[in-house]
Amino acid sequence: MAIVILPNGSKINTNLDIYHQPRTDEYSGSIDFCTEVMQNNMASVFIPGPNSDLPKRDTQTFIDTSYDTYNYKIVTSFHYKKSSEYAVSATQTKLTREEK
Amino acid sequence: MANHFKFSGDYFVSAIGGNDSNAGTDPSAPFKTIGAAVTAAQAAGDYKQIIIGTGVYQETIAMGSAYGYHTFQGDGEVYVEGTGNTFALTGYHRLNWFKNINFLNWTFQLDTGEQQEPQYVDCGFRDIIQMNDYRQRYNNAYYANYTNCTFEGCGNWKTNELETGTYNNCVLRNSNTTGLIADGSGIGRNTANAQMFNGCILDNPNAFVWSGTPDQGTSFKGCVFTANTRVAYYDTNLSDYTYNSNDYMGGGASYGGFLTYGPSDVDPIGIIDNNTGTFNIAHPSWSAAMQVGIASMYRDCYYVNEIDYNTQLSGSGMFNNLADGIKFGISSSLMYKSTNGTGIIPLGGTTPSIAYGYESSSTNPLHPMGGAIWQGITTSSLGGFQIDGSEHSGSIISAVIDQGAPKIIDNIGIGFSTTAPNAAAPSTYPSGANNHNPVRYQYEMRYGNASDLSSETYRIFEWGQKPRINSNGTGSGDQLYDSGSYSNISARYLQLKMTLRIDMSGSL
């Protein structure tokens, strides 16, 4: 488990979805920070799908490089019911912190 | 293969007749999954119209982190069903619209953070444990806006605060909108804010449909409550009026009491007067209710002792509305005393209806005892009609139904359930030129103003939709139907041919 202190002073558990953080005040500001990160341009990664003209969504990523020590990355991952289908079973959105 | 979409749009989806290898932009070659359409729409940009055809879609509608502005338009009987998944919607849905789509059997309707709720119009919600994910930011759930929607067996609890949300002409049955589970137990929410109920039917007997403080903007206008449906108030000034100091809310003494409608088996803080639509001010606790502002939350509300969802049920007390159970008719004239209605939009989006069950009775036109003809049909231990195991389809030709006078038919619905989604349907199985693959839920009907309909022709219509006929005599459920020129169906006598089809792609 990785508990990280964010630049706005709140905590975030990077092993959990950004929307499913602990229900305590010290974590409550994490979504504010994540929302700011998600104001950056989104980069999408696709994987081949059963329709060659329609690649499947794999990840959607936002990176905020404006901080001195760390870059903050938010990645939404798509999980599919079958590899041969576009039907989604779940998505997960997590934050990671990377040293510059 | 024609798919008979009625709506135009950017992308088309058909669980029954689609294929994800298609481009999805032509209604004759739709996608099979909503996920394929969302993927294509996100790649193409904003403001896309995604037209979803009849069928069962067992998938999460995932937007990811990309903004939308898309419209998801159900075109027929559309069910987004939760088998195998947890969330009906994930990602950024705030700017999306959902129209005429039924959501069934989900743990959560919505994942992700606050203020990302879509707008819903003409949608159904059934057996959804939580309409919002309680793990949201600050534990606050912001409500979506609902118009002409029905809720059955839906809950929403464990959030700290519930913000906004408008319910226009909705029906909430055995459901609640705040922090109480459907049976009325559990902890109520004291901070439900600014939720507005306009022209709604609130049916939660002996349980709560809403709880909160009376001074945070919530209002009920032109609503009808069933008896003993309760609204609970958090106000310490009301604590003395809790009946015999019992803790009806389960939330401790801080919950001051509740208001109930109609004859009550316990002592509420107020009872609405059905003759005037106002509160019974003779009740001893009325002055306290006035002091905390409860009365100002209500305008033109009434109660009925009970709602018989199958009123005018003919021939059976065993009507089993399975998959379509969230669509019910209400005939009680009391339901229409509300002054909210404009006469155009009925209360709760409902209209009086007649329902027939499966009971063996001489008054049931769907049973052989009542004059129906069964072909490959047997009764079911599940409650309803069932295809005989030896048949690939089965049909019921009803007895001639006498409505008493010529009437315009608003719609004819069916309760339908299957363990094989998209591989069985209440659809037609006609021979000849119209022996197409079914992509909508259809039935056949002949009609007239003379009791002898033997010379009339069966035409194809769509379940749950207003039946119409075009100038060349084609019914509105037929793929040959041209919606550019049509008239409504008006008749005194009706005869229905209903087919349960399990061969969805073959020919007769």
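## Contact between the chains

In this predicted model, the contact between the two chains draws 28 residues from chain B and 26 residues from chain A; two residues are in contact if their C-beta atoms, placed from the backbone, lie within 7 Å. On the side of chain B that touches chain A, the elements giving two or more residues are helix 1 (34–44) and strand 5 (87–90) of chain B. Helices (H or I, at least four residues) and strands (E, at least two) are DSSP runs, numbered from the N terminus. Helix 1 of chain B supplies the largest share of that side, four residues.

By residue class, the side of chain B that touches chain A comprises seven nonpolar, 16 polar and five charged residues. Here Ala, Val, Leu, Ile, Met, Phe, Trp, Tyr, Cys and Pro count as nonpolar, Asp, Glu, Lys and Arg as charged, and the others, Gly among them, as polar.

Residues are numbered from 1 along each chain as its sequence is written, while chains are lettered from A and ligands numbered from 1 in the order in which they are written. As this is a predicted model, local features need pLDDT of at least 70 and side-chain atom pairs count only at pLDDT 80 or more, whereas totals for chains, interfaces and linings use all residues.

## Helix 1 of chain B

Helix 1 of chain B is largely enclosed by the rest of the structure, because eight of its eleven residues are buried. A residue is buried if 20 or more other C-beta atoms lie within 10 Å of its own, exposed if 12 or fewer, and partly exposed in between, with C-beta atoms placed from the backbone. The buried residues of this helix are B:I34, B:G35, B:A36, B:A37, B:V38, B:T39, B:A40 and B:A41.

Both chains contribute to their cover, which includes strand 4 (56–64) and strand 6 (88–99) of chain A, and strand 1 (11–13), strand 2 (49–57) and strand 3 (61–62) of chain B. After the helix comes B:G45, with a positive phi near 125 degrees.

## Nonpolar cores

The largest nonpolar core has 74 residues, of which B:Y11, B:V13, B:A37, B:F103 and B:C200 touch the most other members. Such a core is a set of buried Ala, Val, Leu, Ile, Met, Phe, Trp, Tyr and Cys residues joined through C-beta atoms within 7 Å. Helix 1 of chain B gives the most to this core, with six residues.

Beyond its neighbours within four places in sequence, B:F103 is in contact with B:V80, B:A88, B:Q109, B:C123, B:G124, B:F125 and B:I128. Another core, of 27 residues, lies apart from the largest one and includes B:Y356, B:Y441, B:A491 and B:L494.

## Backbone at two asparagines

B:N100 is not a glycine, yet has a positive phi of about 55 degrees. B:N100 lies in the loop between strand 6 (97–99) and strand 7 (102–110) of chain B and is buried, with 21 other C-beta atoms within 10 Å.

B:N105, in strand 7 of chain B, also has a positive phi, near 60 degrees. B:N105 is partly exposed, with 17 other C-beta atoms within 10 Å.

## Confidence

The predictor gives the complex an ipTM of 0.89 and a pTM of 0.85. Chain B averages a pLDDT of 74, and 64% of the residues score at least 70; pLDDT is the predictor's confidence in each residue, from 0 to 100. Among the elements of chain B, the mean pLDDT is highest in strand 1 (96) and lowest in strand 23 (residues 272–273), at 52.
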